[in-house]
Amino acid sequence: MTPITMLGHSLFALALLPAAAAAPCVLENGYARFTVHDDGTVNLAGDLSGKKNYGTDVVQDVGMMRVMGSSSLDEVVRMDGCTVQCVVTGNTAEISGFKDTCRGASTFEETWTVTLEEGSHFVTVVASGKMDGSHLPASEEWHVRRDFAFAASSMYSMYDGGMVQMKQGTRDGKGYFSTRDQLPRVYALGGFGAVDHEAGNRSAVLLRSDAQQALPTQIYSGETGNVLRELMNARFIGVEDHWESRPTDVLMTSTVGEWTHTFRLSANNHDFPIFSDDLALGNADDLAAFMTGVYGSPAGQFVTHKGLVQAGEAVAQMATTIGYPQYGYSNMFNFFDPDNYMSTYALLMSGDAYLQQQVRRVIERSGSYLKKETGQLPHHFIGTTPTYQAISGEVQTGPNVFWILSALNYAKLSGDREWLRGYLPTLRRASEFLNKMYVPATGLYKAPGSLMIDVFIRGNFTTDTNAVLVGFFREFAEAELAVGNATRASELQGMADALAKAVETHLWSDDHYITQRNPDGSMRDFVDYDANFIAAAYGIPSVDRAEKIFSRVDRGTCPASHSWVSELYYGKQDTTAGNIGDSWTAMGRVTWFDSLARKNYGSAHSLAHFDTVIMNPLVRDVQRYTWMHERYNCDGTMMTNRTAYYFEYPSTTAMLLHRVRYGIDIGLNTVEIAPFGPAAFEYNVGTVKVAYSMERVELAVPGAGSRHLRVKGLRSDAQYTLSVTGCDAKASAGLVEKVRADAQGVVTVTAPVGDGQDQCLIKLTL
């Protein structure tokens with residue numbers, strides 16, 4: 001084999017190798033197939049089901065090489081005249097002979113011990129190597145690097161300093177990023193092709209050892225895939241932590257050295273990463289939709305690493321799309337109207353500590369720009385500059401409402417009550433922006449504009465804002481109670497109850513809630529589906545009234561969509577600047593409240609509608625497309641003329657699976673398991689583990705101390721044994737007692753969830 005020279009803008013030195021010979025070295029177990037060819041080329045493919053239906057070799061290669069010169073585009077030498085030797089014993093392969101050249105003195109040599117355990121998705125590689133370049137001319141610059149090449153279109157690098165996502169380039173037309181920041185995890189997913197045809201049924205994960213994390217890295221993104229490079233004996237010259245028009249130049253720092261690096265690789269024949277062998281969520285379709293919905297879209301919204309928004313600065317912001325390589329709504333970030341409420345909620349539901357940390361940073365970034373005099377939150381950022389009005393020019397209540405709810409969601413799903421305790425004064429200040437809208441004579445809140453559809457002209461005593469505040473005050477009451485402020489919690493609960501009555505009194509009309517009541521008593525009404533679903537999601541209407549709402553919506557405008565905005569059309573005179581872009585559309589945010597509302601009242605018709613019109617089509621579409629457009633049509637198909645690679649529907653799908661279909665509701669003081677449909681399931685994602693059936697329930701959730709646990713759908717009047725294990729005795733581990741379900745099959749009990757270090761495993765057994 002001759003030395004490889006990278007020419008022009010080719011990304012893959014590895015891809016320029018001659019075609020590999022027949023594979024002499026293969027490890028496979030049904031879940032993964034790991035191949036090392038005799039020329040050193042490495043491939044990995046996976047099958048989620050473990051049935052040997054391996055997909056694409058998504059790990060295209062892993063290889064060490066010597067680069068002659070100071071640039072990554074200079075002459076590359078790898079396996080020149082070399083052949084690897086491999087001995088397979090059981091589930092382990094010993095592989096030797098990885099060198100730069102066998103035609104003379106080599107600069108490096110590496111041996112691998114590769115293990116693939118039965119039933120595991122992960123290949124573990126222990127790579128031991130040594131380097132000695134003393135024989136090379138002292139006048140020449142050179143360095144050794146290891147490349148990981150992925151045949152997937154989008155790569156997500158989970159650096160300690162923030163996420164860096166790249167898809168077929170970068171937003172400025174360049175395709176490189178270099179940093180010294182530590183990188184524990186990388187994953188890549190998705191296929192290649194035109195928009196709406198990129199579901200590649202491929203993904204890969206790389207987990208790097210501590211020793212590797214100390215190495216500088218470069219990531220590359222192009223039309224044929226992505227590469228991560230580890231620089232073994234070099235440092236950067238010039239700018240780093242920034243997009244560059246070419247790979248950052250490097251400078252050799254040593255000529256002799258040894259290393260042992262342990263890295264793990266997994267592959268999947270679906271578009272989501274596998275970080276754990278224990279991953280489970282209901283059935284295979286729901287698992288794929290949830291994981292793709294979280295890790296494909298909202299995870300790629302983060303632009304939190306230094307240099308991604310502004311050179312030399314780490315700015316904790318989120319775009320509205322992944323980088324593809326541009327971003328939708330260019331140079332605008334951190335919308336909480338409710339955009340980031342939805343994407344952050346989905347990310348928090350992952351139970352992934354890294355993603356949760358990034359969410360907290362984004363929340364705190366927006367919170368640092370609250371207006372001192374009013375408590376108003378920025379509507380979004382243009383670059384790094386906050387703006388307090390929507391793109392339409394309107395002032396909305398949504399940003400303050402949904403940003404505060406997002407902060408509470410972080411505390412719930414991370415279990416971080418101490419953060420909540422310290423941050424609650426900021427949340428209280430932001431709530432004052434809403435409290436000042438209260439009009440005692442009506443018992444309602446006078447809103448300046450629409451809650452979450454900024455172009456719709458709404459104002460005064462609107463149903464959308466008043467309905468959402470009912471739920472908002474209840475959630476804020478739970479937060480105050482969690483930090484020991486029972487008096488304020490009681491006040492907030494009273495405010496929610498009083499507001500719910502005022503909504504019923506002033507905003508109900510025949511079979512639905514109106515758009516708005518004006519101070520003179522007149523009304524304006526478009527039969528807003530979003531506002532009515534919000535009211536029902538928070539339990540404001542009676543059962544009879546709720547059924548009237550569902551009946552009207554289900555026979556109204558575009559019942560096949562999930563879910564339409566209003567029965568009556570918002571024309572140019574009804575929208576700001578005549579912008580009717582959201583007047584004839586379905587929105588994921590409406591689907592969220594629609595689904596919560598139907599679950600809340602729980603009729604057989606509501607379940608059938610949720611399954612057939614909402615959940616099943618979304619599960620199908622996330623798997624069909626991976627990345628999705630901003631809006632849906634009347635007939636339940638995507639609007640292909642709206643923003644591509646948008647967060648909303650993938651995030652909504654993940655949220656609905658977690659909270660509605662599987663009924664997992666983790667609060668600050670309570671945990672409820674109340675599936676909407678499934679009679680039995682396993683759920684094991686991140687820090688949330690649930691095994692559910694009428695005979696047995698097991699769960700572990702984040703947090704410490706005790707929670708009030710409510711499990712629905714059990715046997716009526718049956719006696720269950722409650723036990724708690726897995727955490728310290730001080731948290732009541734080892735507890736065993738008898739509890740009885742009520743006539744509706746609901747068990748209510750208080751139990752510890754953790755001791756501050758370990759999660760408790762709570763069991764209910766018939």
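## Basis of the values

The model is predicted, and local features need pLDDT of at least 70, side-chain atom pairs count only at pLDDT 80 or more, and totals for chains, interfaces and linings use all residues. Residues are numbered from 1 along each chain as its sequence is written, and side-chain values use heavy atoms, with hydrogens and water left out.

## E672 in strand β35

E672 belongs to strand β35, residues 670-673, where strands (E, at least two residues) and helices (H or I, at least four) are DSSP runs numbered from the N terminus. With a relative accessible area of 13%, E672 is buried, a term that means under 20%, against over 50% for exposed and in between for partly exposed (1.4 Å probe, protein chains only).

The side chains of E672 and R710 are joined by a polar contact of 2.7 Å, that is, a pair of N or O atoms within 3.5 Å, of which, within protein, one must be able to donate a hydrogen and the other to accept it, while residues adjacent in sequence count only if both atoms are side-chain atoms. Beyond four places in sequence, the contacts of E672 (heavy atoms within 4.5 Å) include K599, D665 and K712.

## The sheet β24-β25-β26

An open sheet is formed by 3 strands in the order β24-β25-β26, with antiparallel pairing, pairing being assigned if DSSP finds at least two bridges between two strands. Because β24 (332-333) and β26 (385-387) each have a single partner strand, they stand at the edges and one side of each lacks a neighbour in the sheet. Strand β25 (residues 380-382) pairs with β26 over 3 bridges, and I382 has T385 in β26 as its bridge partner.

## Y295 in helix α2

Y295, which lies in helix α2 (residues 284-295), is buried at a relative accessible area of 3%. Among the residues that Y295 touches, leaving out those up to four places away in sequence, are Y156, F275 and D352.
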